[in-house]
Structures are given as structure tokens and as C-alpha cells.
Amino acid sequence: MDGYYAFMLVATALVLMMTVPALALFYGGMSRSKSVLNMMMMSYIAAAIVGILYVAVGWSMGFGGDAESGGTFFADPTALLWLDTVTTDSYVFVMFQMTFAIITVALISGAVADRMKFSAWVLFVPLWALLCYFPMAHMVFSCTADSLICGRIGAQDYAGGTAVHINAGVAALVLVLLLGKRVGWPREQMRPHNLTLTMLGAGLLWFGWYGFNVGSIVFTGATDEENIAQFFSETGRTFANTTLATMAAILGWLLIERLLHGKATSLGAASGIVAGLVAITPAAGAVDIEGAVAIGLIAGAVCAWAVSLKYKLGYDDSLDVVGVHLVGGIVGTVLIGVFSTADGAGGVDGLLYGGGAGSLGDQALGVLVAIVFSGVITAIIGLAIKFTLGLRIAEEDEVEGIDFVEHGETAYDLHSGMGGGGGGGKTGVLGTQPVTSEGAHA
Amino acid sequence: MKLVTAVIKPHKWEDVREALETFGVTGMTVSEVSGYGRQKGHTEVYRGAEYDIALVPKIRIEIVVDDDDADDIVGIVVKTAQTGRIGDGKVWVSPVETVIRVRTGDKDEAAL
């Protein structure tokens, strides 16, 4: 299994790269030029906080119990405190799971663009990781007989459709409902300020996702020989499925966009990549390549439509965490019940392959539990912060720009080129600041 | 003395600068500006949301010249910046009372 251990070291680094910098770039490009640094900082600070917290109690809460009785919602938080009794030859698995915790928390940040106090985010991040993600990771990934979603319900989730994407998507929705809309939304123009960053981030996310999905293999063999055989066959399947679903989702998103709005856009392609990756995450081991293409196509098309819901329903999910991660996560997790094959990782046939509706029911129940759990816990944390520290920056600060107000910086110095004058934002000789309806001066 | 102000399409800026230099204009003030006239803006779509981009980017050129040169310079700008389509811009001429060169204190024609 030497090859497996070597691969896990690489996979872990790949998944960390998904947050720092891939997600930060993906979100940063979509935000406004006065908020891009804050948007990227929310990912970077999440990595720092959640990483240390994970080693302290996260691993123990997720995987601290024995295989027979690890708790329904979480395992013993003190059993493996600070990796007590965990030997260093297991550290790579701790680090791998840590990177999942980090990106799940960071995913939420896209919804709260432009307006969340940095201090409130710094408080929300560890509380949410501790009370919402670590338990959910236990319920889904630990898979003891008692763990709720995997053990008791028996829902399949290969790499985190429920624990990562539905979890983050629901949290994003709850948080924007508590935060409220941005000043001027949706009347005011808030278009993405740099789509090349977003295209770059989406591409890096795709690359990193091979670590995320392919690295999520769980061995079931009794001997090393059996496990080696599983490693070869299963990684081929998950790698191919991850690739094909993503490609299909690009096409699905662009097709819907072309039909509804007349043009195939670069933001549509970048969004399609992420929607496809989200949807194949739970299903990567369960379906064959035709199933992966179908799930990717459906996820791309459904998410392309779902991002318009916020305008109809009136919630300011700024960068569409709900439309892409919650909806894409539901699509992928539920469709396992339709497209899974018995030779896949879950060993059951879905509806389409004669397995009946049993699996579909398990998947739907797993989704429902994840939504309710994440919704309730996030609401408690969000309300607690809202009525103590407060969630939002002042309205005039939001208009001026959160980068300068919260971090004392502005991302771009666009005026030095002509005439060698002062910098952008507040630092300029004339003290210029964004005032036009276009968002920032350029 | 006259102030010639021209608002033109950005991609015509290099042509206009070359033509003015050939004529003998040795300096000018140039800024990137935005606005709209009959061209109006356009619509962009991001994740299905339509954005009306009301303001169109333009280049504004300002040159202070001798009274005798004003008409020629206006003619050059109009000739080189013209594409014949909506949005080509405007040129206008206004009187200038006094010009002083900051370095030497020279006044008026001597300061041009």
C-alpha cells in the first residue's frame, strides 16, 4: 500500500489548495473590486482557524469512537484530543480530513460578500466547524453502526455531498437570511469585477478535486491484496467520474444559459465546473461513467437555473453558494439512488438499474437530515453572534468598501500608470474613493 | 487661445495622437472617462442576471492652442476619430483667458 500512502500525501496538499488559493480566487473574482481582499481573507483565515481546531478536537469528534459505537451525532471529543494516542503514520489521514473541514467552512463565505464583520466571521468559523461540521463529518464519513447518515440511514456519500456541500449551502442560506441584503441589492449593479481570477480559481478547484474525490477511498478488503486490487479499480472509477461529470456540467450549464439568456458565458463555464464537481462528489464511487455524465449534465443545467432563484425569492446569496453547492449537492446525492450500480462502491443498484426505490429513499432521507441539522445549528450560531457581537458592518462602511474598512487595504492601485500619481482608494493624493454607480472607479 | 476638448472612442486614441503629433502638437492632457450619449450603454448577463451598463468608456483629450490652430486641430480629430457609427464622440472649442507655464512663469502664447 506504499503507493496509496504516497498518493494521500499529494491528495491532502491538493485539497488544501482548493481553499488556498483556488476557492479564494473563484470567489474573489466574482466579488466587487472594493471587497475582493475581504472575500479572499475569509478563505485564508478559515484555513488557519479550522486547521488548528481540527487537530485539537475535530479528528476526535469525527473519528474518536471505536468502530462499533462512535455515537449518533459525534464521537468522543476528548478521546483523541490533540491527536493523543494517534501515531504519526496516521497523521496524513488527519490532515486529509482537516482539509475537508477547512473548505466546507470557507465555501460559506461566498454568500456573505461585502457586508459581514470580519470579527463576526472569525467567531463564526470555529463555532460552526465545532458544532456543525465536525458532527456532520462523523455522521457521514465515520460510518460506524451508530453514525446517523452513513450507519443508521445508510445513505451513500463518497466524498461529501451532504457533509460538505449541502452542509455549507444550507449554512450559507441561513446566514444570508440573518445578515440581510447588501445595500442596494438587487437594484444596484454588483457584477463580478475580474472573471479571469474566477476562471483560474475554477480550474484550480477542478485540479484539486482529484485529491478530494479520489483520495476519499475507504478500503473494505480483508487482506492487503484485496485492498490493492480495490485501490486500482476504484481510483480509476472515481478519477474518470470526477472528470466526465465536470465536463458534462460545463455543457449543461452553457446550454441552459444559451437557451435562457442568449449567450454562453465564461462565468457559466466556471460555474458549470464547480456544479459538476459538487454533484459528482457524493456519487464518484457509486456510478459508472454513463451515470457520471448524466449527473454532470443534470447538475449543470439545474444549477444554471437555480442561481436565478435568489432574485425570485429575495435572498442575497451573493456568489450563489445556495444555487451551486446546496442544489448541486442535493442533485448528486439524490441521483445516486437513480444511477448507482451494484459494482460501485456502495454495492447497490439504483432505480434505473432495477434496484428499486430503496436506495433513492435512503439518499433523500440523508439529504433531509443534513439540511435540518445544518439549518438548526447554523441558525443558533448565527443568532447568537447577531445579538452579541453583531454580524454586519455599518451601512456607510459597506458602501465605502469592506476591504479598506476591515483590513485597511485596497486591492488595486489603478492610477499609478497614468502620470505616476497616487494610489487607488483612500490612499490616493486626492483621497478619491468609489462613488459611481459602477461600484469602483477604474 | 483656445481649449480644444475631444471625447473619442478609446480604440481611436493612438490614431488621433499620431495625427496631432504629425501636425505639430507637442503636448496634451488625456484622461479615461465614461459617459453616454446617443450610443447609450449595453446589457451584460452574469449567471442569468442582466446588468445595464449605462456608462461607455471614452478618452478625453484636452489641448490649449493658438487661435489660428484651433480649426485645423478640430479637423484632424474629427477626421481620424470618425468611424461613422453612433458613439464616435464630440469635439468642442472654448476660449481661454490666460495660460501660465508653471516652471518659468511664462504667460499666454509664450507658455504654449
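**Figure 1. Packing of helix α10 against helix α12 in chain A of the predicted model.** Helix α10 (residues 289-306) of chain A packs with α12(A) at an angle of about 145°, their axes being 9 Å apart. Axes are lines fitted to C-alpha atoms, for helices over the stretch in contact, and angles run from 0 to 180 degrees between N-to-C directions. The crossing of α10(A) and α12(A) is right-handed; a crossing is called left-handed if the near helix is turned anticlockwise from the far one by less than a right angle, and right-handed if clockwise. On the α10(A) side the contact includes Ile295(A), Ile298(A), Val302(A) and Ala306(A), and on the α12(A) side it includes Val324(A), Val327(A), Val331(A) and Phe339(A). By class, the contact of α10(A) with α12(A) has 12 nonpolar, 4 polar and no charged residues. Ala, Val, Leu, Ile, Met, Phe, Trp, Tyr, Cys and Pro count as nonpolar, Asp, Glu, Lys and Arg as charged, and the others, Gly among them, as polar.

In this predicted model, local features need pLDDT of at least 70 and side-chain atom pairs count only at pLDDT 80 or more, while totals for chains, interfaces and linings use all residues. Residues are numbered from 1 along each chain as its sequence is written, and chains are lettered from A and ligands numbered from 1 in the order in which they are written.

Figure 2. Helices (H or I, at least four residues) and strands (E, at least two) are DSSP runs, numbered from the N terminus. Val327(A) counts as buried because 25 other C-beta atoms lie within 10 Å. A residue is buried if 20 or more other C-beta atoms lie within 10 Å of its own, exposed if 12 or fewer, and partly exposed in between, with C-beta atoms placed from the backbone. Leaving aside neighbours within four places in sequence, Val327(A) is in contact (C-beta atoms, placed from the backbone, within 7 Å) with Val302(A), Cys303(A), Ala306(A) and Val322(A). Val170(A) is 157 residues from Val327(A) along the chain, and their C-alpha atoms are separated by 9.6 Å.

**Figure 3. Backbone details in chain A: two cis peptide bonds and two positive phi values.** The bond from Val20(A) to Pro21(A) is cis, with omega near 15°, and Pro21(A) lies in helix α1 (residues 2-30) of chain A. Another cis bond joins Trp185(A) to Pro186(A), with omega near 5°; Pro186(A) is in the loop between α6 (161-179) and α7 (195-214) of chain A. Trp82(A), which is not a glycine, has a positive phi of about 50° and is exposed, with 10 other C-beta atoms within 10 Å. The loop between α2 (36-63) and α3 (91-108) of chain A holds Trp82(A). Asp320(A) has phi near 65° and counts as buried, with 26 C-beta neighbours inside 10 Å. Asp320(A) is found in the loop between α11 (309-313) and α12 of chain A.

**Figure 4. The contact between chains A and B.** Chain A gives 14 residues and chain B gives 8 residues. Helices α8 (224-261) and α9 (266-283) of chain A each supply at least two residues of the side of chain A that touches chain B. That side of chain A divides into 5 nonpolar, 5 polar and 4 charged residues.

**Figure 5. The β3-β4 hairpin of chain B and Tyr51(B).** Strands β3 (residues 42-46) and β4 (residues 49-53) of chain B pair in the antiparallel sense over 5 bridges; two strands pair if DSSP finds at least two bridges between them. Tyr46(B) has Ala49(B) as its bridge partner in β4(B). The hairpin has 2 residues between the strands, and Arg47(B) takes a positive phi near 45°. Tyr51(B) lies in strand β4 of chain B, where Tyr51(B) stands opposite Glu44(B). With 16 C-beta neighbours inside 10 Å, Tyr51(B) counts as partly exposed. Leaving aside neighbours within four places in sequence, the contacts of Tyr51(B) include Gln189(A), Arg191(A) and Thr43(B). UniProt places the feature "modified residue: O-UMP-tyrosine" (unreviewed entry) at Tyr51(B); UniProt positions are given in the numbering used here, feature names are shortened, and annotations may be inferred rather than shown by experiment.

**Figure 6. The open sheet of chain B.** Its 4 strands have the order β2-β5-β1-β6, with antiparallel pairing. The edge strands are β2 (29-35) and β6 (89-95) of chain B, each pairing on one side only. Neighbouring strands of this sheet are turned by 20° against each other on average, direction ignored. Strand β1 (residues 2-8) of chain B is joined to β6(B) by 7 bridges, and Val7(B) has Lys90(B) as its bridge partner in β6(B).

Technical notes
Two residues are in contact if their C-beta atoms, placed from the backbone, lie within 7 Å.
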